[in-house]
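The exercises below ask you to read charged pairs and nonpolar cores from a model. Work through each task before you turn to its solution.

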Amino acid sequence: MTRSDRDAPIVPTRPGNRGGESGQAIVVMLGVILAALALVALIVDGGNLFTQQRITQTGADASSEAGAIILAKRLAGASAPSGGWDVAVNDRIQSTAAANDMTVLNAYYTDVCGIPLKADGTAALNGSVEDLSLALKVNNLSHVLPGGSATTPDCPSLQVGPAAGVLIIGQKIVQTYVARAINIKTFTVNTRATAVAGYLQGYCDSTQGNACAILPVAIPVNILGCDGNNAPVNTGSPWSFGVVYKIGLCTNGPGNVGWLDWTPPGGGTPEVANSILHPDNPAINLPSWQYTTSTGNPNAQSIEDALRSYNGQVVLIPQFDLTCSPKPNQPDPDNTNPAIVSGPNYGCPSGSLGGNGQNQWYRMPSFAFFQMCAPSVTGCGGLEDAYTNGSNSATCDTGNGETSCIVGKFVDILGSGTVGAGVGSGTGSKAIGVQLVK
């Protein structure tokens, strides 16, 4: 050993150095794994959360509309249900929410502007800001609707009207998949929606003081024709707006234009003529099944005279897309519950679709705003609105044997809400729609 070797400093070894580097690598790897897990959770659970948010919003929208439809029936003049309007509104909201797998935390009454209302009918506002702590809840202890004497709302000035809508605060607890690995087991989705019911404006000015005449005649949603033997033929094509049609009154049969008896049992031609002149229909929710005992084509001068009292006017005519004749011991058709809203039967018992035109149910998904012709109406070619005495083939026959017809044009379709009780019952024929406002 040389001197230089002996004098050289001795550097001790550090056996822990490699272990420290290994531990640091594990920490880094763990961080990378957690970051990757968070990224996967963001993709999987974040995507699911976004989807569930949309689903929950749709459920809240549907629930608020369901409640507003009950208020629309009240506004239209329907009789109060046995448990009262508040119970009926709550039942419909809850059943719709359950069908959409969501929870309604709270529901409040609003006016047609969507402004929450207190129990006395005044605005639940703090200044100009909504204050739900003051608002009357649906399913309140007294089961009442907002009171007060408000009649004419003005939305821009925050002047409220009577109860006409429902505000829903909804919630859904969403289970996680990947995020559970980092101890995030659920996400909470919160949403809200407001739907209101109100009188439709325009056409025949369906405000509270002005009524649309509702004719007791059901027309298919698709263009109706007669075959060479005067039997009804559904073309499968919807009616067009602004086109003058000669709607042929074919012989009795499913799919035919049907004269409706709103108050069974049937009273024959005199009752139909009276119902044309003095509408006596019930409040009709759209869509719904309506029962009638007598349909067909009562060719009569009294029917023609009654229809011609509406020359040139816009009237409401119910449209149907299905008929149903329940067999003995089977339930009546019903598509008002969330569980029975799909085709092809829409609540008609299996094997019961169709019928012979008498003593059956009509499914009415919509009402048509229909302008009756008159010699003064553009496009009508000098024709009147009705030729129903049974000897009008020269005017009505389009090549398929029609001997009677109604002449006019479709100007719009009412496809949601409620059409009110007829003026014969003293409440006015009001067309009421339901709309989401926020």
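**Exercise 1.** With which residue does Glu-304 form a salt bridge, and how far apart are the closest N and O atoms?

*Solution.* The model you are looking at is predicted. Glu-304 forms its salt bridge with Arg-308, and the closest N and O atoms of the pair are 3.6 Å apart. To classify the two partners, recall that buried means under 20% relative accessible area. Glu-304 has a relative accessibility of 5% and is therefore buried, whereas Arg-308, at 26%, counts as partly exposed.

**Exercise 2.** Which parts of the chain are linked by the pair Asp-321 and Arg-363?

*Solution.* Begin with the contact itself, a salt bridge in which the two side chains meet at 2.5 Å, N to O. Next, place the residues: Asp-321 sits in the loop between β13 and β14, while Arg-363 belongs to strand β15, so that distant parts of the chain, 42 residues apart, are linked. Finally, compare their accessibility: Asp-321 is partly exposed at 30%, but Arg-363 is buried at 6%.

**Exercise 3.** Which residues touch the most other members of the largest nonpolar core?

*Solution.* This core has 27 residues, and those touching the most other members are Leu-215, Trp-259, Ile-276 and Leu-307. Among the elements that give two or more residues to the core are α4, α5 and β13. Now follow Ile-276: leaving aside neighbours within four places in sequence, its contacts include Leu-215, Trp-259 and Leu-307.

Methods:
Residues are numbered from 1 along each chain as its sequence is written. This is a predicted model: local features need pLDDT of at least 70, side-chain atom pairs count only at pLDDT 80 or more; totals for chains, interfaces and linings use all residues. Side-chain values use heavy atoms; hydrogens and water are left out. A nonpolar core is a set of buried Ala, Val, Leu, Ile, Met, Phe, Trp, Tyr and Cys residues joined through side-chain atoms within 4.5 Å. Buried means under 20% relative accessible area, exposed over 50%, partly exposed in between (1.4 Å probe, protein chains only). Helices (H or I, at least four residues) and strands (E, at least two) are DSSP runs, numbered from the N terminus. Contact means heavy atoms within 4.5 Å. A salt bridge is a side-chain nitrogen of Lys or Arg within 4 Å of a carboxyl oxygen of Asp or Glu.
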